Protein chains: 2
Amino acid sequence: MRKKLLFFLFALNISAQAQVSDSAMIAKLYREVLLNGTCYNELHDLCKNIGHRVAGSAAADKAILWGKERLNAMGADTTYLMPVSVPKWSRGKSEKGVVIINKKKTTIPIAALGGSVAGDITAQVIMVKSVQELEQMDPKKVKGKIVFINKPLDAALINTGAAYGGGGEMRWRGPKLAAEKGAVGCLTRSLTLADDQFPHTGAMDATTIPAAALSAYHSKWLGDLLQENDDVTFHLDLKCTNGGRVTQYNVIGELRGAEFPEEIITIGGHLDSWDIGEGAHDDGTGCVQSMEVLRTLKAIGYQPKRTIRVVLFINEEFGNDGGLTYAKVTKEAGDEHLAAIESDGGGFTPRGFSTQSPDDRYNQWMTWTSLWEPYQLHSFKRGWSGVDIAPLKDDRVALFALNVDNQRYFDYHHTKNDVFENVNKRELQLGAASMASLVYMIDQHFSPIP
Amino acid sequence: MRKKLLFFLFALNISAQAQVSDSAMIAKLYREVLLNGTCYNELHDLCKNIGHRVAGSAAADKAILWGKERLNAMGADTTYLMPVSVPKWSRGKSEKGVVIINKKKTTIPIAALGGSVAGDITAQVIMVKSVQELEQMDPKKVKGKIVFINKPLDAALINTGAAYGGGGEMRWRGPKLAAEKGAVGCLTRSLTLADDQFPHTGAMDATTIPAAALSAYHSKWLGDLLQENDDVTFHLDLKCTNGGRVTQYNVIGELRGAEFPEEIITIGGHLDSWDIGEGAHDDGTGCVQSMEVLRTLKAIGYQPKRTIRVVLFINEEFGNDGGLTYAKVTKEAGDEHLAAIESDGGGFTPRGFSTQSPDDRYNQWMTWTSLWEPYQLHSFKRGWSGVDIAPLKDDRVALFALNVDNQRYFDYHHTKNDVFENVNKRELQLGAASMASLVYMIDQHFSPIP
């Protein structure tokens with residue numbers, strides 16, 4: 001009995017020591033990022049010297065080379081490119097939206113939805129308040145018209161991601177449904193809670209009619225006009241082109257594990273963006289934060305036990321080719337993925353992590369949460385991980401999303417306002433440090449599920 | 001035994017019902033603010049039509065009338081003005097700072113510190129890295145010089161308020177100490193973690209020499225110059241005037257309690273700002289959030305049991321006259337203050353509350369915290385309440401500060417960059433809703449400590 005007790009006390013002591021040493025190491029990681037972090041400068045470089053970088057574009061090619069070069073410069077043991085087939089869609093050099101009432105023309109800002117076909121049409125506008133209303137509508141009423149789907153997001157939801165999700169089908173399903181009903185074009189209200197004049201683009205189900213987003217401000221304005229006027233026509237002129245598929249690359253940089261190099265911890269964001277703005281919050285921040293994790297581990301002289309792999313995924317926005325390819329290639333290669341962490345919610349103050357994990361992993365992780373109390377992370381829960389890493393899901397891997405304060409995210413998301421100036425240095429750094437500390441904990445304490 | 005059990009189950013049921021009804025009411029409050037809140041528009045009005053409003057100024061007079069008018073319009077049962085004696089200091093129409101090395105002159109932005117005397121001086125600059133270094137310094141070295149105190153804030157601290165506090169004596173004590181050592185002027189590094197070109201003003205101990213802040217960027221630049229050059233002079237030209245004291249007013253609006261009108265719950269922010277920028281985050285946001293609480297309670301038809309009193313304090317920045325006067329006047333009148341809540345940390349996403357409270361109050365409050373989990377408030381702790389309400393402290397009143405995500409606060413604080421455009425509508429609204437829900441809980445569940 002005494003022996004058992006002694007062993008128990010010994011084990012308890014080891015565990016307490018481990019927590020102390022973990023908390024000291026986490027403090028070191030936060031300190032390094034906050035005092036010497038380079039992610040804010042890297043983001044400036046990406047946003048200002050490359051700018052937006054939609055999949056398939058020359059700018060995306062440039063960003064891929066940039067990412068590999070930067071990971072090398074930060075001291076990755078190895079960097080390489082993983083080929084990914086991506087679509088090559090272009091907005092074209094101009095796009096135009098004009099509201100016409102009694103011959104009075106008012107040009108308003110629009111943004112073609114991703115994958116839209118070109119078109120130069122003028123037709124009467126018919127407004128619906130939801131996709132469901134459109135579904136119920138007699139095709140005769142829709143035929144030859146431009147359908148305008150005008151559903152504001154639900155501002156009463158605290159989580160803006162839930163509000164976005166709730167409105168999403170307007171953009172994802174709306175245009176295709178409108179085409180099936182005989183419409184000649186489709187306009188959708190931007191998926192934002194801000195009352196601003198930026199149209200927000202984004203992916204939709206492919207369809208045969210031109211489709212574009214209106215800003216929240218102009219959606220409300222046009223909605224009011226349609227209440228008062230029976231005959232409102234719209235001139236929609238899009239010059240989009242679909243250029244088939246091309247090969248681009250996931251960019252990968254690794255710190256090789258000293259003890260279990262075959263065990264992989266992936267961290268990443270997506271390198272592609274939409275083709276307006278600078279893709280700062282979506283998802284330049286996730287890329288530079290992931291790179292910062294590697295830089296930081298090197299800077300403090302930490303030798304990982306497992307292999308830390310930074311992945312800058314290509315084409316999250318337009319079919320998730322990078323994420324799907326990465327999961328396929330690594331599974332075929334038999335990579336032993338312990339965990340993957342994604343940052344794709346913007347470079348805002350971190351609030352915690354959500355996870356898609358097997359129960360044992362989840363339970364182990366939950367014993368760590370108090371370590372992040374000093375860093376004001378309070379939210380640790382089951383939930384979505386990330387578009388790029390979700391295809392890795394199986395019954396062994398732990399997938400994590402960095403969760404951030406998302407009140408401002410959909411002000412910028414997929415607009416020309418998603419620029420470097422709207423990213424705060426410390427908020428960005430705190431996210432990177434939070435990711436680095438989770439990587440450290442996983443590296444120390446996870447081992448493969450048998 | 002059976003009777004006891006039944007009673008216990010009955011009591012448990014009542015308590016569970018109370019929690020359900022509280023959570024339903026809190027949901028209603030958040031919903032009203034997020035869907036129909038006017039605080040963002042009120043802030044726009046205050047910032048754009050009045051602008052900055054330093055105590056003693058004509059703009060502050062205008063803001064006082066504005067506050068009273070708006071509280072009336074929102075349906076306060078009564079509004080009134082409480083006279084407060086405040087200082088009348090003016091920056092003057094121009095201020096100038098010029099660095100001179102080998103006759104080469106470089107003009108850099110400066111901001112006179114609050115209360116500075118005028119002066120037009122040119123003298124050699126001597127740099128110290130801290131107030132402590134200045135304390136140790138031989139007065140002979142200081143005599144006739146301009147002292148430049150150049151201590152960066154500690155970026156490794158997660159709480160930017162702690163970083164601000166740690167650097168604060170540079171501004172508060174530095175100029176007076178420099179004068180005592182024989183300096184003819186004083187320059188202090190701005191109290192910010194941002195690497196920008198905005199000088200941050202703020203209060204200091206009154207002294208006889210002119211004193212001004214340099215931006216963080218120019219402090220670093222001047223510091224580097226001083227490492228390389230033995231003889232750097234500075235031309236400091238301030239036109240400040242001190243105009244004695246004048247009477248202005250705390251603005252007060254009340255919803256009268258139906259059951260216990262003599263029991264008071266105060267909510268407030270401070271109406272004065274510094275005399276640059278628009279006083280948006282400091283503290284226009286706290287004012288419009290407090291007003292929003294009143295509007296929201298009216299809008300949902302809630303009849304408070306106790307008296308809800310909105311106070312827009314005058315002159316927090318420059319001696320806390322509004323807060324000191326309010327505490328004095330209400331104590332003399334025998335007001336039964338149950339609680340006071342202040343918002344003066346900027347209009348950012350709320351994270352929770354901190355409190356200065358007697359133990360019983362604190363313990364009661366701690367049983368409520370799970371009610372705010374759906375609204376992502378996680379931080380409930382003992383700590384500072386607020387400059388304006390702290391003078392109310394005694395052994396019976398509960399004082400609360402709305403705690404917000406403060407990573408961006410000191411980017412704007414006391415600068416010309418503290419403008420409406422840097423406030424996010426939803427972040428502002430969530431703070432107001434959080435305050436409204438705490439007011440509701442106090443109104444329902446606190447009663448005077450015997």
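Keep in mind that the model is predicted. Chain A superposes on chain B by a rotation of 180°, which is the relation of a two-fold axis. Within chain A, there are two domains and an open sheet of eight strands.

**How the two chains relate**

- The same surface serves both copies, since 100% of the contact residues of chain A recur in chain B.

**Where the chains touch**

- Chain A gives 19 residues to the contact, and chain B gives 19 residues.
- On the side of chain A that touches chain B, helices α1 (2–36) and α14 (425–445) each supply at least two residues.
- The largest share of that side comes from α1(A), with three residues.
- By type, the side of chain A that touches chain B has eight nonpolar, five polar and six charged residues.

**Two domains in chain A**

- Domain 1 of chain A is written in two pieces, 29–88 + 244–445, while domain 2 covers 92–239.
- The C-alpha centres of domain 1 and domain 2 of chain A are 33 Å apart.
- Where these domains of chain A meet, 14 residues of domain 1 are in contact with 16 residues of domain 2.
- The side of domain 1 of chain A that touches domain 2 is made up of five nonpolar, six polar and three charged residues.

**The eight-stranded sheet**

- Strands of a sheet pair through backbone hydrogen bonds, in either a parallel or an antiparallel way.
- In chain A, an open sheet runs in the order β3-β2-β9-β5-β6-β7-β8-β4, and its pairing is mixed.
- At the edges stand β3 (104–108) and β4 (110–112) of chain A; each has a single partner strand, so one side of each has no neighbour in the sheet.
- From one strand to the next, the twist averages 30°.
- For a parallel pair, look at β6 (residues 146–149) and β7 (residues 185–189) of chain A, which are joined over four bridges.
- Across from A:Val147 you will find A:Cys186, in β7(A).

**Backbone details to look for**

- A cis peptide bond links A:Asp282 to A:Asp283, with omega about 0°, and A:Asp283 belongs to helix α10 (residues 280–299) of chain A.
- In chain B, the bond from B:Asp282 to B:Asp283 is also cis, with omega near 5°; B:Asp283 is in helix α10 (residues 280–299) of chain B.
- A:Asn320 is not a glycine, yet its phi is positive, at about 55°.
- You can find A:Asn320 in the loop between β12 (306–313) and α11 (321–332) of chain A.
- A:Asn320 has 19 other C-beta atoms within 10 Å, so this residue counts as partly exposed.
- B:Gln376 is another residue other than glycine with a positive phi, near 65°, and its place is the loop between α12 (359–366) and β15 (379–382) of chain B.
- Is B:Gln376 buried or exposed? It is buried, because 22 C-beta neighbours lie inside 10 Å and the cut-off for buried is 20 or more.

Note on methods
Residues are numbered from 1 along each chain as its sequence is written. Chains are lettered from A and ligands numbered from 1 in the order in which they are written. This is a predicted model: local features need pLDDT of at least 70, side-chain atom pairs count only at pLDDT 80 or more; totals for chains, interfaces and linings use all residues. Copies are superposed by least squares on the C-alpha atoms of residues with pLDDT of at least 70 in both. Two residues are in contact if their C-beta atoms, placed from the backbone, lie within 7 Å. Ala, Val, Leu, Ile, Met, Phe, Trp, Tyr, Cys and Pro count as nonpolar, Asp, Glu, Lys and Arg as charged, and the others, Gly among them, as polar. Two strands pair if DSSP finds at least two bridges between them. Axes are lines fitted to C-alpha atoms, for helices over the stretch in contact, and angles run from 0 to 180 degrees between N-to-C directions. A residue is buried if 20 or more other C-beta atoms lie within 10 Å of its own, exposed if 12 or fewer, and partly exposed in between; C-beta atoms are placed from the backbone. Domain bounds come from an automatic or database domain assignment.
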